[in-house]
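Here are some exercises to work through with the structure open beside you. Try each task first, then follow the solution step by step.

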Amino acid sequence: MNDTAQAERARVEMPLDRRSRRDPQGTRRALLDAAIAEFAAKGRAGARVDEIARRAGVNKQLVYHYFGNKDDLFRTALEEVYGQIRAREKTLNLADLPPLRAMEVLVGFSFDYLAEHPEFIALLNDENRHGAVHLDGSGTVRAMHSPLVAMIEETLVRGIREGVFRADLDPLNLYISIAGLSYFFFSNNRTLSAIFGTDLGHAKAVAGRRRHVVDFALAALRPVD
């Protein structure tokens, strides 16, 4: 690198480093948002630290300063996207709703969240492709899911007591079923569209699928005559 290029690089990077010192949380947030976007677009293998830093508008050395290596950053990105959906679920306040309505809200929310957050699906698909090696050691993500299962269990108990739910439902299996009904539709949307010769990504098709998912899930919860 010649002297002119070095001087230009120093001119650009010095203010960014000062900005980081002034607002470390903001810098970390910008890097994490940039990493989620980059990982979602290119996967863990294809993502580049230089591009993440460029998206965030900071020196790439700050990636290593805040997150360690690229694998650590990918793990943090996964924890962040899981944390975002779990935080939104808490705001549903299911305990304040009648049990049947609570489940309707939860199923609908799960569908809508995936429709609105393709980056969540992209990161999870990539992590599954690599055998969940990053999540396997994440106590953070495991801790997030215990309250979710407990919330579903509490709703089931109330519904069983009121006679609106079957008594043989397992909360963990129910969560997996609710997630799967929506996740498969969005993660495989393009292949399903190609196979069946119809645009399942069209707003009308998405709305129809949402109605089906909610109705299907609620029907499965009701007591058998």
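**Exercise 1. Find how helix 6 passes helix 11, and which residues meet there.**

Solution. Step 1: helix 6 crosses helix 11 in a right-handed sense; a crossing is right-handed if the near helix is turned clockwise from the far one by less than a right angle, and left-handed if anticlockwise. Helices here are DSSP runs (H or I, at least four residues), numbered from the N terminus.

Step 1: the axes of helix 6 and helix 11 (residues 203–221) come within 10 Å, crossing at roughly 145°. Axes are lines fitted to C-alpha atoms over the stretch in contact, and angles run from 0 to 180 degrees between N-to-C directions.

Step 2: on the helix 6 side, look for Leu 100, Met 103, Glu 104, Val 107, Gly 108, Phe 109, Phe 111 and Asp 112. Their partners in helix 11 are Val 206, Arg 209, Arg 210, Val 213, Val 214, Ala 217, Leu 218 and Leu 221. Contact means heavy atoms within 4.5 Å.

Step 3: sorted by class, this contact of helix 6 with helix 11 has 11 nonpolar, 1 polar and 4 charged residues. Ala, Val, Leu, Ile, Met, Phe, Trp, Tyr, Cys and Pro count as nonpolar, Asp, Glu, Lys and Arg as charged, and the others, Gly among them, as polar.

A word on the model before going on: it is predicted, with local features needing pLDDT of at least 70 and side-chain atom pairs counting only at pLDDT 80 or more, while totals for chains, interfaces and linings use all residues. Residues are numbered from 1 along each chain as its sequence is written, and side-chain values use heavy atoms, leaving out hydrogens and water.

**Exercise 2. Work out how helix 5 and helix 8 are oriented.**

Solution. Step 1: the axes of helix 5 (residues 70–90) and helix 8 (residues 139–162) come within 10 Å and cross at roughly 20°. Helix 5 is therefore roughly parallel to helix 8; angles under 35 degrees count as roughly parallel, over 145 as roughly antiparallel, 65 to 115 as roughly perpendicular and the rest as oblique.

Step 1: this crossing of helix 5 and helix 8 is left-handed. Helix 5 brings Glu 79, Tyr 82, Gly 83, Arg 86 and Glu 89 to the contact, and helix 8 brings Thr 140, Val 141, Met 144, His 145, Leu 148 and Met 151.

Step 2: by class, the residues of this contact of helix 5 with helix 8 are 5 nonpolar, 3 polar and 3 charged.

**Exercise 3. Is His 134 buried or exposed, and what does His 134 contact?**

Solution. Step 1: find His 134 in the loop between helix 7 (118–129) and helix 8. His 134 is buried, with a relative accessible area of 5%.

Step 1: leaving aside neighbours within four places in sequence, the contacts of His 134 are Arg 44, Asp 71, Phe 74, Arg 75, Leu 78 and Glu 127.

Step 2: Ala 132 is in the loop between helix 7 and helix 8, and is partly exposed, with a relative accessible area of 25%. Its phi is positive, near 55°.

**Exercise 4. Which residues of helix 3 are buried?**

Solution. Step 1: the buried residues of helix 3 (residues 49–56) are Val 49, Ile 52, Ala 53 and Ala 56.

Step 1: viewed down the axis of helix 3, these buried residues fall within an arc of 95°, so they line one face of the helix. The arc is that of the directions from the helix axis to the C-beta atoms.

Note on methods:
Helix = DSSP H or I, 4+ residues; strand = E, 2+ residues; numbered from the N terminus. Buried < 20%, exposed > 50% of the residue type's maximum accessible area, 1.4 Å probe, protein only.
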